[in-house]
Amino acid sequence: MDPKRPGTSFSNGAVMAGLRVSNLSYNFGAKPALQDISFDVDRGQFCALLGPNGAGKSTLFNLLTRLFTSPTGRIEIDGQDLAKNPRAALARLGIVFQQTTLDLDLTVRQNLRYFAALHGLSGRAADLRIDAALERLDMKPRAAEKARTLNGGHKRRAEIARALIHKPLVLLLDEPTAGLDAAARQAITGHVHDLSAEGTTVLWATHLTDEVRPDDRLIILHQSRILADGLAADISGDQPLADRFLSLTAPA
Ligand code: ADP
Ligand code: MG
């Protein structure tokens with residue numbers, strides 16, 4: 001079987017993980033931000049990481065991208081150990097941070113060219129990748145516009161396109177729809193679900209239950225711990241997910 005294909009299974013029935021986190025903890029001084037976090041996301045799976053503000057979502061993303069390191073636990077990105085093989089692991093990773101990181105004075109294409117250059121791509125090879133990524137997010141018509149002039153949804157789509165240029169196997173998005181209107185949120189969640197259907201492993205952090213589909217994998221993070229992990233439909237049971245989420249995260 002092709003190990004690059006999503007959901008690749010082995011003869012023993014195991015599925016190759018796109019992302020594997022084992023026993024990961026992180027503290028800010030005496031304050032725990034993550035406590036003994038473990039989960040696997042299958043290759044090509046869309047996994048929503050749902051948690052209220054302060055749950056530890058961005059801390060997890062900072063560890064997954066190696067902005068932070070932790071002496072405890074282990075992270076594997078498409079089979080590559082992040083601590084042992086950081087270059088190989090990070091080469092497989094695309095990231096959209098919580099705060100926009102576009103250069104507002106550059107056009108969309110210039111922003112993407114700059115990122116391509118950081119990955120050693122230039123000239124025609126870079127332009128082909130940039131065109132494909134912009135096309136993928138329906139952003140080609142905006143390529144020549146300055147980032148500053150884009151609306152919030154288009155800025156986010158430009159950032160997602162940028163995160164795809166080096167063809168990552170695993171895509172991390174930290175609250176990518178924060179502050180956007182309903183139509184823009186729906187467009188972006190749709191695009192990213194399509195990417196996972198085509199084989200990209202996705203971890204999507206959010207605090208909004210309406211972005212989670214019943215057939216999504218769902219991890220609920222609250223006060224530095226995982227409270228639930230499974231199929232969203234199973235976790236919500238006979239309740240709407242919003243109610244289930246509120247009851248799980250309500251103060252004791
Ligand atoms: P989320 O992204 O889910 O909103 P964060 O990972 O940003 O949560 O924060 C998790 C916890 O860690 C929160 O209690 C937050 O106040 C704390 N925290 C985050 N960043 C820092 C920091 N740089 N210094 C101290 N505490 C922090
Ligand atoms: Mg955050």
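Colleague: How far does a backbone N or O atom of Gly56 lie from an oxygen atom of ligand 1?
Modeller: This is a predicted model, so the distance is computed. A polar contact needs N or O atoms within 3.5 Å. The backbone atom of Gly56 meets that cut-off, at 3.0 Å.

Colleague: What share of ligand 1 does the protein bury?
Modeller: Start from ligand 1 taken alone, which exposes 560 Å². Of that area, the protein buries 60%.

Colleague: Which distance separates a backbone N or O atom of Gly54 from an oxygen atom of ligand 1?
Modeller: Ala55 also has a polar backbone atom by a ligand 1 oxygen, at 3.2 Å. For Gly54, the backbone N or O atom lies from a ligand oxygen at 2.7 Å.

Colleague: Which element gives the most to the shell around ligand 1?
Modeller: The shell includes Phe28, Lys31, Lys57, Ser58 and Thr59. Two elements, β2 (31-42) and α1 (57-64), each supply at least two shell residues. With 3 residues, the top contributor is α1.

Colleague: How many residues of that shell are charged?
Modeller: The shell around ligand 1 has 4 nonpolar and 5 polar residues. Lysines count as charged, and the shell includes Lys31 and Lys57. The charged count is 2.

Colleague: Which protein residues are donors of the magnesium ion, ligand 2?
Modeller: Donors must lie within 2.8 Å of this metal. Two protein atoms do, at 2.1 to 2.3 Å. They are the OG of Ser58 and the OE1 of Gln98.

Colleague: How many residues apart in sequence are the parts that this pair ties together?
Modeller: Ser58 lies in helix α1. Gln98 lies in the loop between β6 (93-96) and α3 (108-118). So the pair ties together parts whose separation in residues is 40.

Colleague: Is Ser58 buried, partly exposed or exposed?
Modeller: Buried means under 20% relative accessible area, and exposed means over 50%. Gln98, at 32%, is partly exposed. Ser58 has 24% relative accessibility, so it counts as partly exposed.

Colleague: Is Ser236 buried or exposed?
Modeller: Ser236 sits in helix α7, residues 232-236. Leaving out residues up to four places away in sequence, it touches Leu241 and Arg244. Its relative accessibility is 11%, so Ser236 counts as buried.

Colleague: What separates the C-alpha atoms of Asn27 and Ala163?
Modeller: Asn27 belongs to strand β1, residues 17-28. Asn27 touches Pro32 and Ala33, not counting residues up to four places away in sequence. Ala163 is 136 residues from Asn27 along the chain, and their C-alpha atoms are separated by 28 Å.

How values were computed:
Residues numbered from 1 in each chain as written. Chains lettered and ligands numbered in written order. Predicted model: local features only at pLDDT ≥ 70, side-chain atom pairs only at ≥ 80, totals over all residues. Heavy atoms only, no water. Near = heavy atom within 4 Å. Polar contact = N/O pair within 3.5 Å; in protein donor to acceptor, adjacent residues only side chain to side chain. Areas by Shrake-Rupley, 256 points an atom, 1.4 Å probe, with all protein chains shown as cover. Helix = DSSP H or I, 4+ residues; strand = E, 2+ residues; numbered from the N terminus. Donors = N, O, S within 2.8 Å, 3.2 Å for Na, K, Ca; no water. Buried < 20%, exposed > 50% of the residue type's maximum accessible area, 1.4 Å probe, protein only. Contact = heavy atoms within 4.5 Å.
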